[in-house]
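Me: I'm new to this one. Can you walk me through it?
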Amino acid sequence: MKEGLIIKYYRERAGLTQTQLGEGICSVTHISKIERGHTQYSSEITNLICKRLNIDLIKELQKFNMLETKLHEWLEAMVKQQKEDIESIKEELAQNPYLHFSETKYFHSILLARCHLMQGEHEKGKSLLDSCQKAWGTLDRFERNLLEHTWSIYFLNLHNCKEAIAHLKNINPKEYNNHEFYFHLATSSHLMNDRVKAYHYGTLALSYFRETNNFKRILDTETVLLIQMGTYDLCQFEETVKQYHTLIKSCRAHKEEAREMNLWHNLAVEYFAKGFYSEASEVYKKLLEQSEVNPNPPLKLSAIRGYVHSCLNLEHYKKQNLKSLLDDGRRLAEEAQNKTYQYVFYMLDILLENKDINDYYLFLENTFLPHLHELGNSTLITLYEKELFHYYRSSSQHEKASGLAAKYFEPYVH
């Protein structure tokens, strides 16, 4: 089968017909059967064919057979986020002549889609995933699970947690040995505000990353687990802050700047959620300064939101500075086609410009929160529903305030 594909490839590359290739060696029918893998053939015949095509069949078979091994190496490099290896393997695979017609072509397409997603090229990634989805019936079990996993990464990048979880739930861990997907389940569950599942899946992911000596992802998972512990417990918050600083030191020691920035961001979110706006603004300001040195558009969007919102709560700020930041945020959000942050900066502009506060809360209630619920982004849902609750109370909308409060107490009623 593989020998036939190789012979067909080099015959077509040489511009020969089956008749021309078989002349003086064997019949055109025999050549056709060899290429389709439908017949037994002698080494004497294949040697003559390969001599005419000027190829070494043993070396060509080695190239063909290494594809699957190399693709698994590429996946491992992506899971471990080894950027140099990702690029070098990508280039090596691109030079393999059998990549696009071997049985591994969809395996490669899915991994190439993930590579595009890692580089923020969402449309390129989605296009490849769509083509693989259409070929679902021809994929093997591993490839189907890999496709579901990569779809989840695509939707997580778009902050669409519901769709991400829907794909992750289709994965069978017995058929799919890349248990990195537990980390994405933990992340999605966290964003959906399901702390129990986030901790459960985070523990499974941590075990997998430790088994595979994946230090970078151990840090990522410990960060997710830390967020789940004592998030609403002010008594334990001082200990939580200490744990954040311990992880930040580990990142610094291993020169993991991006992960360090992510930890600072999560700490800022914790400060803001507990009403420590001064501390939150300081950390968000640090993130904004760092984003100038190490560009990270998604983190910068969140840092702009957090810094402006923190300053507005403190009520001592330079309006022009915040206005400039909001303009920068709107530009970034439009470039990324990120509707969530386009809405966020629209609302913050209402607050900054002292426009009718009712416009802010009407937009929050009727447009922004429904949008967040559609995506399943519980981190922002919780933040903004808390704001809406206080507005309902202060404006004597007691029925709405009670309805919103009940949502958070219902899980504890037996």
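What follows is a short chat about rings, charges and helices in this structure.

Me: First, what kind of model is this?
Reply: It is a predicted model.

Me: OK, rings. How many aromatic pairs does a search of the whole structure find?
Reply: The search finds 25 aromatic pairs. One of them is formed by phenylalanine 64 and tyrosine 98. Their ring centres are 5.4 Å apart, and the planes make an angle of 45°. The pair is tilted.

Me: Where in the chain do phenylalanine 64 and tyrosine 98 sit?
Reply: Phenylalanine 64 is in helix H5, residues 57–79. Tyrosine 98 is in the loop between helix H6 (83–94) and helix H7 (105–118). They are 34 residues apart, so the pair links distant parts of the chain.

Me: Is tyrosine 98 buried or exposed?
Reply: Tyrosine 98 counts as buried, because its relative accessibility is 0% and the cut-off for buried is under 20%. Phenylalanine 64 is buried too, at 4%.

Me: Which residues form an aromatic cluster?
Reply: One cluster is made of Phe107, Phe142, Tyr176, Phe181, Tyr182 and Tyr201.

Me: Switching to charges. Which residue lies over the face of tryptophan 264?
Reply: That is lysine 286, at 4.7 Å from the ring centre. Phenylalanine 272 has a charge over its ring as well. There it is the charged end of arginine 305, 5.7 Å from the centre.

Me: Now helices. How do H8 and H9 cross?
Reply: Helix H8 covers residues 122–134, and helix H9 covers residues 141–157. Their axes come within 11 Å and cross at roughly 150°. Angles over 145 degrees count as roughly antiparallel, so that is what H8 and H9 are to each other. The crossing of H8 and H9 is left-handed.

Me: Which residues make that contact between H8 and H9?
Reply: From H8, they include His122, Glu123, Lys126 and Leu129. Asp130, Cys132 and Gln133 of H8 take part too. H9 brings Leu147, Thr150, Trp151, Tyr154 and Asn157.

Me: And what about H7 and H9? At what angle do they pack?
Reply: The angle is about 15°, and the axes of H7 and H9 are 10 Å apart. That makes H7 roughly parallel to H9. H7 passes H9 in a left-handed crossing.

Me: Which residues of H7 make the contact with H9?
Reply: Tyr106, Phe107, Ile110, Leu111, Arg114 and Leu117 do. On the H9 side, the residues include Phe142, Leu146, Ile153 and Tyr154. Phe107 and Phe142 also belong to the aromatic cluster.

Me: Last one. Where is lysine 386, and how exposed is it?
Reply: Lysine 386 is in helix H21, residues 378–394. It is partly exposed, with a relative accessible area of 45%. Serine 402 is 16 residues from lysine 386 along the chain. Their C-alpha atoms are separated by 12 Å.

Definitions and conventions
Residues are numbered from 1 along each chain as its sequence is written. This is a predicted model: local features need pLDDT of at least 70, side-chain atom pairs count only at pLDDT 80 or more; totals for chains, interfaces and linings use all residues. Side-chain values use heavy atoms; hydrogens and water are left out. Rings of Phe, Tyr and Trp (its six-membered ring) pair if their centres lie within 6.5 Å; planes under 30 degrees apart count as stacked, over 60 as edge-to-face and the rest as tilted. Helices (H or I, at least four residues) and strands (E, at least two) are DSSP runs, numbered from the N terminus. Buried means under 20% relative accessible area, exposed over 50%, partly exposed in between (1.4 Å probe, protein chains only). A charge sits over a ring if NZ of Lys or CZ of Arg is within 6 Å of the ring centre and within 35 degrees of the ring normal. Axes are lines fitted to C-alpha atoms, for helices over the stretch in contact, and angles run from 0 to 180 degrees between N-to-C directions. Angles under 35 degrees count as roughly parallel, over 145 as roughly antiparallel, 65 to 115 as roughly perpendicular and the rest as oblique. A crossing is left-handed if the near helix is turned anticlockwise from the far one by less than a right angle, and right-handed if clockwise. Contact means heavy atoms within 4.5 Å.
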